[in-house]
Amino acid sequence: MPMNSSLRSSYRERPSRFNSVSEKTWSSWHWQHQHRLRTHHDFDGVLYLSEYERRAFDDGADRFRVAVTPHYAALMDTDNIRCPIRRQALPHPDEFQDYPFERSDPLAEEEHMPVAGLTHRYPDRALLYVTHHCPVYCRHCTRKRKVSNPDTAASKAQLQRGIDYIADTPEIHDVILSGGDPLTLSDRRLDEILGRLRNIDHVDVIRLGTRNPVTLPQRITPGLANILQHHRPIYVNTHFNHPAELCKESVQALERLVDAGCILGNQMVLLRGVNDHADTVMTLNRMLLRHGCRPYYILQCDMARGITHFRTPLEKGLEIMDQLRGRIGGVGVPDFVVDLPGGGGKVELLPEYIVDRSPSEHGEIVTFRNFQDEEFEFVDVHRD
Ligand SMILES: *Cc1c(COP(=O)(O)O)cnc(C)c1O
Ligand code: SF4
């Protein structure tokens with residue numbers, strides 16, 4: 001077991017407003033859920049809102065709801081509006097700036113729905129939306145169009161039709177539970193869904209896409225871990241974006257998942273002003289690896305409405321990839337992917353490592369550069 005004593009703890013750093021809350025209460029996910037901060041008044045005694053943040057609260061309540069767990073709020077820097085955690089969870093007037101290229105459904109997820117609540121884009125994989133709720137509404141969410149909207153949640157009957165579709169479609173080998181955040185569902189409901197999917201013979205892989213280890217790690221209870229263990233191996237893809245999110249509570253959640261036989265991956269979204277530095281990504285990836293979570297993707301922030309202020313140029317992602325390669329082992333190097341607008345799917349981008357090609361008698365001489373920008377010649381063989 002790794003030592004966690006050097007990690008910060010959200011309980012120890014809890015805002016003065018929660019001073020009288022016991023550690024036991026703090027560690028209850030029900031309590032955390034019920035005490036989420038939603039209005040700007042809720043932030044009194046938590047942190048001082050900037051003029052921008054206050055204005056965004058006033059103007060934007062109906063566009064994309066605000067919800068922040070006390071846990072996630074405790075990790076925020078109270079004095080610094082550039083705090084990477086704050087930027088991810090507090091509204092900003094830039095969200096209301098519209099651009100003509102933005103789309104409400106950038107990945108055309110609704111178009112590739114053979115039945116409601118299920119996207120089947122790649123032949124072997126299906127994305128099943130089981131809820132539209134999340135503990136914290138990330139300001140950079142690509143599914144803003146429906147996440148946080150209570151009117152569009154999946155009904156029981158709809159979910160049943162989604163599972164029936166998977167059962168009737170033998171090409172599907174990999175099912176991703178998504179949302180919203182699937183861990184918003186009760187243990188009983190999750191157990192039932194996982195059980196049904198496990199009963200489908202052609203389903204090899206069950207994945208759970210959840211940000212709870214980051215935003216509500218208290219949700220990963222021993223009871224939930226038991227359920228996941230029962231249906232193991234569950235591939236859990238989580239969404240850490242910054243090293244400051246890896247606190248004692250989150251690490252305990254990751255350890256419980258690892259102990260339950262889950263296979264952990266991280267899908268980081270590249271966000272301007274949050275994690276658009278190679279050093280930040282390197283630190284995050286080292287910490288994740290230490291706790292059994294493998295960096296899986298760096299996702300280019302897409303063309304969803306209201307998140308353009310978070311986007312970085314593609315060049316930035318390539319630069320970070322270039323910095324990672326050679327400086328951290330291969331298990332710490334994720335793929336940098338762009339999810340193409342209109343439902344084109346994910347495409348991986350790599351820095352260019354070939355600097356020259358020239359013909360020779362025995363084959364082409366390909367000149368590579370390595371991570372230190374040294375050049376090496378490789379003689380390629382002729383094609384048959
Ligand atoms: C991202 C995504 C998947 C999973 O893709 P992987 O590259 O296998 O992680 C599946 N279906 C849809 C619609 C997706 O957007
Ligand atoms: S947890 Fe995921 S689905 Fe929920 S708001 Fe954040 S990015 Fe969107």
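Where in the chain does Asp373 lie? The legends below answer this and then visit other parts of the model, which is a predicted one.

**View 1. Asp373 and its positive phi.** Asp373 is found in the loop that links strand E11 (365–369) with strand E12 (375–379). Its phi is positive, about 65°, although Asp373 is not a glycine. Is Asp373 buried or exposed? Asp373 counts as exposed because its relative accessibility is 55%, and the cut-off for exposed is over 50%.

**View 2. Ala108, another residue with a positive phi.** Look for Ala108 in the loop between helix H5 (84–89) and strand E1 (118–119). Phi of Ala108 is near 50°, a positive value in a residue other than glycine. Ala108 has a relative accessibility of 3%, so it counts as buried; the limit for buried is under 20%.

View 3. Around ligand 2 are Cys134, Val136, Tyr137, Cys138, Cys141, Val147, Gly180, Arg211 and His239. Sorted by class, this shell holds 6 nonpolar, 2 polar and 1 charged residues.

**View 4. Gly180 and a cis peptide bond.** Gly180, one of the residues around ligand 2, belongs to the loop between strand E3 (174–178) and helix H7 (187–198). The peptide bond that runs from Gly179 to Gly180 is cis, and its omega is near 10°.

View 5. Between Arg232 and Pro233 the peptide bond is cis, with omega near -5°. Pro233 can be found in the loop between helix H9 (222–230) and strand E5 (234–238).

**View 6. The largest nonpolar core.** In soluble globular proteins, nonpolar side chains tend to be buried together. The largest nonpolar core here has 79 residues, and of these Val68 and Ile166 touch the most other members. Helix H11 (residues 278–290) provides the largest share of this core, 5 residues. Apart from this core lies another, of 10 residues, including Leu271, Tyr297, Ile307 and Val337.

**View 7. The contacts of Ile166.** Which residues does Ile166 touch, not counting those up to four places away in sequence? They are Leu118, Ala126, Leu128, Ile172, Val175, Leu197, Ile200, His202 and Val203.

**View 8. Asp44 and Pro15.** Asp44 is in the loop between helix H2 (29–34) and helix H3 (51–60). Its relative accessibility is 47%, so Asp44 counts as partly exposed. Asp44 and Pro15 are 29 residues apart along the chain, and their C-alpha atoms are separated by 9.8 Å.

Key:
Residues numbered from 1 in each chain as written. Chains lettered and ligands numbered in written order. Predicted model: local features only at pLDDT ≥ 70, side-chain atom pairs only at ≥ 80, totals over all residues. Heavy atoms only, no water. Near = heavy atom within 4 Å. Nonpolar A, V, L, I, M, F, W, Y, C, P; charged D, E, K, R; others polar. Core = buried A, V, L, I, M, F, W, Y, C linked by side-chain atoms within 4.5 Å. Buried < 20%, exposed > 50% of the residue type's maximum accessible area, 1.4 Å probe, protein only. Helix = DSSP H or I, 4+ residues; strand = E, 2+ residues; numbered from the N terminus. Contact = heavy atoms within 4.5 Å.
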